[in-house]
Amino acid sequence: MADPDALRTRWAHTLRRSRARSRELAPPTPSPAPSPEAYADNLLARWSEPQRRYHTLDHLTAVLDHVDVLEEAADDPDLVRLAAWFHDAVYLPDRSENEERSARLAERALPEAGLSAGATAEVARLVRLTVTHAPAADDPNGQVLCDADLAILASPADAYAAYTAAVREEYAFVPPDAFREGRAAILRQLLDLPRLFHTPYGTREWEGPARHNLTSELTLLTA
């Protein structure tokens, strides 16, 4: 289970490192940056909303853990971590603009929290990239975030089954036949991609298991 106190600490360390980096690249603001704690509490509350079953604090923790695994592949791993915090900060299962609204939240909050305009723009860009999970070949930050977000697809069988059950719970308002049809279409789209993962580690460690899990789930849905 996710530990909110540990997540608060991770947020504070990441934000402070990113602030320091911002000051190196841009003139400092005249007023002191506010404490990270208020921003952490707001984000933790968002990730704890009752409509969530998969996109929860556990998912946030997993994505941050995967970013830690992949950080050497990123240009700025702390900006990737901030993007992980914001990438599903706005999440309503029946809405299609969650990523855009999450990116706009980052664009409002991060300048207040002491980040430069350039760093804020990069975080928002990364959040929007999770719509497609299709980073460019010359986008290491995007590759790390997208691989970290999709790493659940390469889970062991029991964890993958728990993931699919949680996704179904989030979409409980969708009738069974419609859900199966929509989920199967998503799985086919993923399987048709030339590659699911873009970092060397993701390609080596996660590509094969993820394709096995997706194929097995598709077979069950269409049986």
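## Overall fold

Along the sequence, the protein chain reads α-α-α-α-α-α-α-α-α-α-α. It has 11 helices and zero strands; helices (H or I, at least four residues) and strands (E, at least two) are DSSP runs, numbered from the N terminus. The radius of gyration of the protein chain is 18 Å, close to the 17 Å that the globule rule gives for 223 residues, so the chain is as compact as a globular protein of that length. That radius is taken over C-alpha atoms, and the globule rule is 2.2 Å times the number of residues to the power 0.38.

This is a predicted model, in which local features need pLDDT of at least 70 and side-chain atom pairs count only at pLDDT 80 or more, while totals for chains, interfaces and linings use all residues. Residues are numbered from 1 along each chain as its sequence is written, and side-chain values use heavy atoms, with hydrogens and water left out.

Buried residues (under 20% relative accessible area; exposed is over 50%, partly exposed in between; 1.4 Å probe, protein chains only) make up 48% of the 223 residues in the protein chain. Among contacts (heavy atoms within 4.5 Å) between residues at least 6 apart in sequence, 66% join residues at least 24 apart.

## Helix α11

Helix α11 covers residues 207-222. At 1.5 Å a residue, its 16 residues should span 22 Å, and its end C-alpha atoms are 23 Å apart, which agrees. The expected span is 1.5 Å times one less than the number of residues.

The buried residues of α11 are E207, A210, N213, L214, E217, L218 and L221. Viewed down the axis of α11, these buried residues fall within an arc of 135 degrees, so they line one face of the helix. The arc is that of the directions from the helix axis to the C-beta atoms. An α-helix has 3.6 residues a turn, so residues three or four places apart point the same way. The buried residues of α11 pack against α8 (157-170), α9 (176-192) and α10 (200-205). Exposed residues H212 and L220 sit on the face turned away from the buried side of α11.

## Aromatic rings

Rings of Phe, Tyr and Trp (its six-membered ring) pair if their centres lie within 6.5 Å; planes under 30 degrees apart count as stacked, over 60 as edge-to-face and the rest as tilted. By this rule the count is eight aromatic pairs. The ring centres of Y171 and F179 are 6.5 Å apart and their planes are at 40 degrees, so this pair is tilted.

| Residue | Relative accessible area | Class |
|---|---|---|
| Y171 | 26% | partly exposed |
| F179 | 13% | buried |

Elsewhere, ring pairs link W11, W85 and F86 into a cluster.
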